[in-house]
Amino acid sequence: MSVPLLKLGAVVSTMIMVSNWMSQKLPALVGLHQHGARPGTSEKLISVWYPGEDEGWQVFGSVQDRCVCSIMSPTHSVCGGDPRHDRLQRLTNHVLNISQDMELLNQRTAQDLQHLRDSETLLDTLETRLKTAHDDPLSLTSKSLQDLRWSVSQCRPLRALTGRVRADSGQLESLKEELERLKDSLSVLQELFTLRHYQRLQERSSVLQQHLHTCSSQLGCGRLTGISAPLTIRSSGSRFGSWMMDTMIDSSDNRVWVMDGYLKGRRLVEYQSLYDFANRQNFIIHHLPHPWAGTGHVVYNGSLYYTKHHSNVLIRYSLASGVVQHQQPLHQAGFNNTFPYSWGGSSDIDLMADELGLWAVYSSTPHAGTLVLSRLDPHTLEVQRSWDTGFPKRSAGEAFLICGTLYVTDSHLAGAKVHFSFHTDTASYEYTDIPFHNLYSHISMLDYNPRTRALYTWNNGHQVLYELTLMHFIRTARDSDEPHAD
């Protein structure tokens with residue numbers, strides 16, 4: 001009695017395992033699942049999948065973890081005439097046939113199991129009568145013998161049931177072999193799928209980049225309309241400091257540079273990527289030849305620009321060679337907390353970069369402490385042109401530049417907002433009211449990176465990112481023919 005039940009249990013258990021394998025492994029074997037990018041990378045391709053016959057391919061691109069585009073291609077242009085599609089259809093039909101066989105086998109197994117349960121009572125009765133006859137042969141009568149024969153006859157169907165269990169076990173072994181062959185076929189298909197898939201996506205990526213380049217060349221500079229909620233990348237360092245990436249738009253340098261503190265610092269820490277910075281790994285420590293003042297440093301086109309301690313001397317330091325390439329005083333600019341931002345910290349001179357180049361924000365005695373914006377030559381550090389914004393620098397919490405427009409916050413503390421903007425193209429200003437969530441209540445560095453189009457902040461010992469919403473203006477062919485004012 002126990003042997004058939006054990007075999008039947010093995011049949012049911014194996015069927016469940018096979019069903020689980022088909023539901024979990026089959027999509028992965030044919031590549032019908034997402035492949036995420038590695039954290040901390042700037043891979044162009046982070047997800048590729050084929051959701052269904054009616055939806056077509058979808059491609060999602062990412063640069064610095066930002067969505068760039070999504071493409072929907074017609075189904076017929078992708079799968080039409082593709083031999084992989086026919087082969088996958090045949091394999092699908094094969095799986096369907098196996099599933100039908102397993103369903104039939106499941107029904108028969110359920111019926112056989114019910115027969116075994118019904119027979120348990122008969123077997124118990126038969127066992128009791130046989131034990132009685134064995135213990136007391138004299139108690140046997142014609143009636144009891146007749147009942148015993150009847151009980152034995154009722155158990156005869158168990159012989160046929162045992163035969164069916166054996167046959168089902170053999171069929172199950174055959175199904176297992178079929179599934180192994182199916183697995184091998186799917187593995188081969190997966191290799192073909194991945195290779196051709198990748199080649200086709202590479203071609204589409206190239207075309208997409210050309211379209212994006214054409215589109216971006218028609219975009220004018222954007223005007224700030226919104227700032228996202230803060231994203232804390234890391235909590236480290238003192239209350240004051242600066243962290244940055246190369247701001248040159250065409251740069252492929254993804255390193256992160258950290259300068260902790262605002263006074264007399266020389267220690268420059270280099271991380272290989274934003275991921276490494278967030279996870280405190282893969283870093284190199286450099287020692288600058290001159291100490292810095294403030295937190296208004298910037299990395300632009302492979303060089304670090306900063307202000308020399310206790311002076312208004314600007315320094316251009318090569319990150320590749322580790323030497324100072326040029327020094328130049330910013331004439332009449334205040335220093336040593338003469339005209340700092342509202343938080344102090346020797347923030348008299350704030351260097352920054354945007355889509356148009358390298359800039360300096362400062363003030364001087366001739367300008368009576370109002371905020372001055374100057375465009376600098378990145379090689380000689382000479383002032384090319386200056387604008388007096390009229391905004392008192394000591395009333396500014398921090399400032400950042402986007403497309404030649406300077407944006408100023410009204411405080412470095414909680415409740416700050418972007419309160420003032422100055423447009424260099426028209427030499428005009430306006431008061432704004434753009435909410436800005438100062439999460440940790442004390443900002444000592446706020447810079448825009450035109451390459452990542454994000455704000456980088458040092459907020460009370462936390463390194464925080466903000467995404468921006470910019471309103472772009474489309475330049476027409478007629479606009480591009482018109483001369484632009486210098």
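In what order do the 4 strands of the open sheet that includes S18 and S21 stand? The order is S18-S19-S20-S21, and the pairing is antiparallel. The notes below start there. Keep in mind that this is a predicted model.

1. **Edges of the S18-S21 sheet.** Strand S18 (399-402) and strand S21 (428-435) stand at the edges. Each has a single partner strand, so one side of each is left without a neighbour in the sheet. Neighbouring strands here are turned by 25° against each other on average, direction ignored.

2. **S18 with S19.** S18 is joined to strand S19 (residues 405-409) by 4 bridges. The two run antiparallel.

3. **A second open sheet.** Another 4 strands form an open sheet, in the order S6-S7-S8-S9. The pairing is again antiparallel. Strand S6 (241-244) and strand S9 (283-293) take the edges. Each of these has a single partner strand, so one side of each lacks a neighbour in the sheet. The twist averages 20° from one strand to the next.

4. **S7 with S8.** Inside that order, strand S7 (residues 256-260) pairs with strand S8 (residues 263-271). The sense is antiparallel, over 3 bridges. Tryptophan 257 stands opposite glutamate 270 in S8.

5. **Cover on S15.** Is strand S15 (residues 357-362) mostly covered or mostly open? Mostly covered: 6 of its 6 residues are buried. Buried means under 20% relative accessible area, so each residue of S15 falls below that cut-off. In a regular strand the side chains alternate between the two faces of the sheet.

6. **S15 and S14.** Strand S14 (residues 350-354) pairs with S15 in the antiparallel sense over 5 bridges. The two form a hairpin, with 2 residues between them. Which residue of S15 is the bridge partner of alanine 353? That partner is leucine 358.

7. **S15 and S16.** S15 also pairs with strand S16 (residues 370-376). This pairing is antiparallel too, over 5 bridges. Tyrosine 362 stands opposite valine 372 in S16.

Definitions and conventions:
Residues are numbered from 1 along each chain as its sequence is written. This is a predicted model: local features need pLDDT of at least 70, side-chain atom pairs count only at pLDDT 80 or more; totals for chains, interfaces and linings use all residues. Side-chain values use heavy atoms; hydrogens and water are left out. Two strands pair if DSSP finds at least two bridges between them. Axes are lines fitted to C-alpha atoms, for helices over the stretch in contact, and angles run from 0 to 180 degrees between N-to-C directions. Buried means under 20% relative accessible area, exposed over 50%, partly exposed in between (1.4 Å probe, protein chains only).
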